[in-house]
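Please read it alongside the sequence and the structure.

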Amino acid sequence: MRRITVALAGLGTVGSGVIHLLQDQADLIARRADVAFDIIAVAARDPKKQRSFNIPQALWFADARDLVDTQADIIVELIGGADGIAFDLARKTLLSGKPLVTANKAMLAKHGSDLAMWSRKGNVQIFCEASVAGGLPVIKVLREGLSANSVTHVRGILNGTCNYILTTMMREQRQFDDVLAEAQAKGYAEADPSFDIDGWDTAHKLSLLTAFAFDTVPQLSGIGVKGIRHLTLSDLNDAKQKGGVIKLIAQSAKDPHGNITQIVEPLFLDSASPLAQIDGVLNAVEINTSHAGPIFIQGRGAGAQATASAVVADLIDFAMGRGVPFLKGRP
Ligand code: HSE
């Protein structure tokens, strides 16, 4: 059996989930992929924090950027944030010729073009399934399963925190702040939850789906973004009275002239529509395709286990020699 060495930066909700998943599913992964993953180095903001797993002291690095200088075959970046250490680490990883796994939608949305250029130049892969819709393998569906199709429209629920808040407020007749605190406690929300509730996390993810769907590069500046901060329980109850629900919806579309529009906003959906059925932390994406017809997928969009599932699937893809260019598109 092959052994692949992994360096892991960031041991928050997702990083911890990855460590547990690699332990829990080691036998299954060995059977399926004939590979064992050895975590040989880690870095996290607070090394003294009490954790639910043991990592020997010798494997800890104070500076995540130093992980690239270890013997690791692949670097996993789960720090988050568009810039700072996460971006330094990603740049150093790619320029050193090492492959990168990242769940960092903010970084990919902002620096996607540069990351793609370094990936191309160094012929090293970027794996990013966990960056959009948690455990839902929507990037794989778009880039691989639907690779023979042109896409006209992508529409979905891409933020687990917002969907959890809207669903729980309605179901339990509770106020916004109260339910937001619960979503944070469950590990769904961003470190700064304003990214979730003001729609920016959704916009980061939409910019990536748009780039993969339409062969462009992520572009945040053109996205109209409205979040859910201003919605009240009475807005949601009014929607119910009218036979529907309010959801934070992301959509992008390409018109016959090649113009692309992207928008994130709370929308009223008739209760019979498929997206209206997507409750709690679930995400869902509808994709209109030229040959495969309409595609609809749903799954858990946030949380330790679901997101770790996508990160580890990327590691397995690397081990199996699978993978597609990160971005091939143009602005
Ligand atoms: N805060 C994000 C969400 C985490 O709630 O969807 C997963 O990207």
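In this predicted model, helices α3 and α4 are roughly parallel to each other, a description kept for angles under 35 degrees, while angles over 145 count as roughly antiparallel, 65 to 115 as roughly perpendicular and the rest as oblique. Helix α3 covers residues 84-95 and helix α4 residues 105-122, and they pack at an angle of about 15 degrees with their axes 10 Å apart; the axes are lines fitted to C-alpha atoms, for helices over the stretch in contact, and angles run from 0 to 180 degrees between N-to-C directions. Contact, defined as heavy atoms within 4.5 Å, is made by residues including Phe87 and Leu94 of α3 and Met107 and Trp118 of α4.

The table sets out the two pairs.

| Pair | Angle | Axes | Contact residues by class |
|---|---|---|---|
| α3 and α4 | about 15 degrees | 10 Å apart | 8 nonpolar, 2 polar, 1 charged |
| α1 (13-24) and α11 (304-319) | roughly 65 degrees | within 8 Å | 9 nonpolar, 5 polar, no charged |

In these classes Ala, Val, Leu, Ile, Met, Phe, Trp, Tyr, Cys and Pro are nonpolar, Asp, Glu, Lys and Arg are charged, and the others, Gly among them, are polar.

The protein chain has 11 helices and 11 strands, which are DSSP runs numbered from the N terminus (helices H or I, at least four residues; strands E, at least two). An open sheet of 6 strands has the order β7-β9-β8-β6-β10-β11 with mixed pairing, where two strands pair if DSSP finds at least two bridges between them. Because β7 (224-225) and β11 (294-300) each have a single partner strand, they stand at the edges and one side of each is left without a neighbour in the sheet. Strands β8 (residues 244-254) and β9 (residues 260-270) run antiparallel and are joined by 11 bridges, and Leu248 stands opposite Pro266 in β9. Helix α6 (residues 160-172) lies across β6, β8 and β10, at about 155 degrees to β8.

Residues are numbered from 1 along each chain as its sequence is written. Local features need pLDDT of at least 70 and side-chain atom pairs count only at pLDDT 80 or more, while totals for chains, interfaces and linings use all residues, and side-chain values use heavy atoms, with hydrogens and water left out.
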